[in-house]
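Please open the structure in your viewer and follow the stops below in order. Each stop names what to select and then states what is found there.

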Amino acid sequence: MRRAELIVIGGSAGSLQVIMSIIPAIGPDLPLAILVVIHRNVDFESSLEELLSARTRVSIKEVEEKDPILPGTIYLAPADYHVLIEDDRTFSLDYSEKVNFSRPSIDVTFRSAAEVYGKKLVCVLLSGGNADGVEGMLYVKEKGGGVVAQDPATAEVPYMPQHAIIRMTIDFIVPAGEMPAFIKGLVYLPPA
Amino acid sequence: MTAAIRYEEMEILLNDLFTRYGYDFTEYSKASLLRRIQRLFSLDKFPSFAEFRHRLQHDPQYFRRFVEEVTVNVTEMLRDPSFYRTLRTSILPVLATYPFIRIWHAGCSTGEEVYSMAILLKEAGLLHKSLLYGTDINPQVIEKARRGIFPVSQMQKYSENYIQSGGIKDFSSYYTANYHLAKFDGSLTGKMIFSTHNLVSDFSFNEFQLILCRNVLIYFERHLQAKVFKLFDYSLENFGYLALGAKESIRFSPIADRYKQIGKEKIWRKIYETG
């Protein structure tokens with residue numbers, strides 16, 4: 001059985017609710033790291049960190065450059081920066097051009113995570129109104145990682161997961177309501 | 001699109017460039033650099049790494065393009081308005097007490113931040129006794145900075161930033177719009193000096209009361225960051241200020257204990273204890 005060491009969850013319009021439902025399903029004994037990359041308005045600043053922290057005892061942290069990626073932590077991509085992953089499993093931030101009109105771009109992070117984590121990576125694409133994340137997900141697959149999409153029928157804005165499903169064979173298509181249990185199952189595998 | 005350049009190949013390339021041109025990218029953050037190099041590689045449709053490498057080694061013009069494309073040149077005027085508000089309210093009044101003000105924008109790209117600063121200085125009545133140095137590794141962006149011509153399409157955003165930063169004039173009074181271009185006022189440009197400068201290898205060239213280096217250090221590895229922090233430290237007068245990007249900090253640097261942060265913004269003041 002394959003154990004993930006990093007889960008990257010990407011989402012855009014309509015994804016926040018799903019993320020809010022996933023967070024309480026995860027306990028402080030989280031054995032891997034989770035990174036959440038969602039498109040958000042710069043003007044809302046860091047309120048997301050507080051919003052999510054209120055729902056869990058797991059440590060929630062907005063990514064700072066050169067932070068080591070540690071199990072037991074849920075990381076959030078900061079507004080207006082791309083998040084990349086270095087060979088030594090630390091984060092770096094990047095303020096280059098927007099990709100798919102987005103910064104942070106989900107494509108950029110999926111791709112960079114795949115480069116370093118390969119088969120130890122699982123990527124999850126949630127509700128959203130553009131195709132950001134799909135190209136990155138293709139690369140994750142190429143590198144042997146797992147790919148998961150929210151069932152478009154249960155997405156507030158189905159475009160993003162729909163596109164992923166059209167472009168590749170998705171390992172798991174999960175309805176919004178079952179996403180918390182699914183992620184929990186992914187995190188807490190039975191002992192090897 | 002698949003990854004055409006691997007980490008190991010990038011290392012080979014970086015060594016080549018250092019030997020051939022003296023440009024040292026070996027201490028740049030690798031994930032970001034790899035992404036930029038891969039982007040260039042597919043943009044220019046190289047069939048193989050070997051051909052890419054050969055071209056870079058033998059065509060200095062192409063190496064110029066490499067520097068232009070691989071370094072990040074995204075910038076805007078008055079980005080993070082609250083940062084500029086703090087400059088207006090807390091930093092400029094202190095700088096006003098100096099007979100002559102020297103400011104260095106390190107890694108200024110196309111110069112938007114230098115023009116932002118000039119506007120602030122002008123409004124504080126300090127521009128006449130100020131000199132703003134803008135430097136960047138990339139000669140092409142420096143040329144753009146010198147011209148002071150930016151797309152009109154950006155002006156609405158900049159005008160909003162300007163108001164949020166505490167500006168009370170009409171932002172459009174600072175430029176003349178001509179079709180899709182906005183040319184900034186010559187009275188601003190007159191106080192600026194632009195030059196190419198490589199933070200990796202170059203030494204201190206002056207003493208400043210304020211150094212700004214925003215969203216540049218995120219592209220450097222820790223060791224290179226430390227080197228650059230030392231360069232800034234040598235180049236700052238005592239009680240001078242160092243300003244960084246929203247996600248950067250001097251916290252883990254060798255100079256941290258001699259600097260005090262000003263409020264919540266990423267601005268630190270150099271304070272050498274005496275006695």
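**Stop one: a helix of chain B**

In this predicted model, select α5(B) and colour its buried residues, which are F83(B), Y84(B), T86(B), L87(B), I91(B), L92(B) and L95(B). Next, display what covers these buried residues: the cover includes β1 (101-106), α6 (112-123), β7 (208-213), β8 (236-244) and β10 (267-270) of chain B.

Now view α5(B) from end to end. The helix runs over residues 81-95, 15 residues in total, and its first and last C-alpha atoms are 20 Å apart, close to the 21 Å expected at 1.5 Å a residue. Centre the view on R88(B), where α5(B) has a kink of about 40°.

**Stop two: a helix pair in chain A**

Select α3 (residues 106-117) and α4 of chain A. Their axes come within 7 Å and cross at roughly 10°; the two helices are therefore roughly parallel to each other. To see the contact, show I106(A), D107(A), V108(A), F110(A), R111(A) and A114(A) on α3(A), together with E135(A), G136(A), M137(A), Y139(A) and V140(A) on α4(A). Coloured by class, this contact comprises seven nonpolar, one polar and three charged residues.

**Stop three: where the chains meet**

Finally, select the contact between the chains, to which chain A gives 18 residues and chain B gives 15 residues. On the side of chain A that touches chain B, β5 (82-85), β6 (91-94) and α4 (134-142) each supply at least two residues. The largest share, three residues, belongs to β6(A). Which classes of residue make up this side of chain A? Six are nonpolar, three polar and nine charged.

Methods: Residues numbered from 1 in each chain as written. Chains lettered and ligands numbered in written order. Predicted model: local features only at pLDDT ≥ 70, side-chain atom pairs only at ≥ 80, totals over all residues. Contact = placed C-beta atoms within 7 Å. Helix = DSSP H or I, 4+ residues; strand = E, 2+ residues; numbered from the N terminus. Nonpolar A, V, L, I, M, F, W, Y, C, P; charged D, E, K, R; others polar. Axes fitted to C-alpha atoms, helices over the stretch in contact; angles between N-to-C directions. Parallel < 35°, antiparallel > 145°, perpendicular 65-115°, else oblique. Expected span 1.5 Å × (residues − 1). Bend = angle between axes of the 7 residues up to and from the residue. Buried ≥ 20, exposed ≤ 12 C-beta atoms within 10 Å, placed from the backbone.
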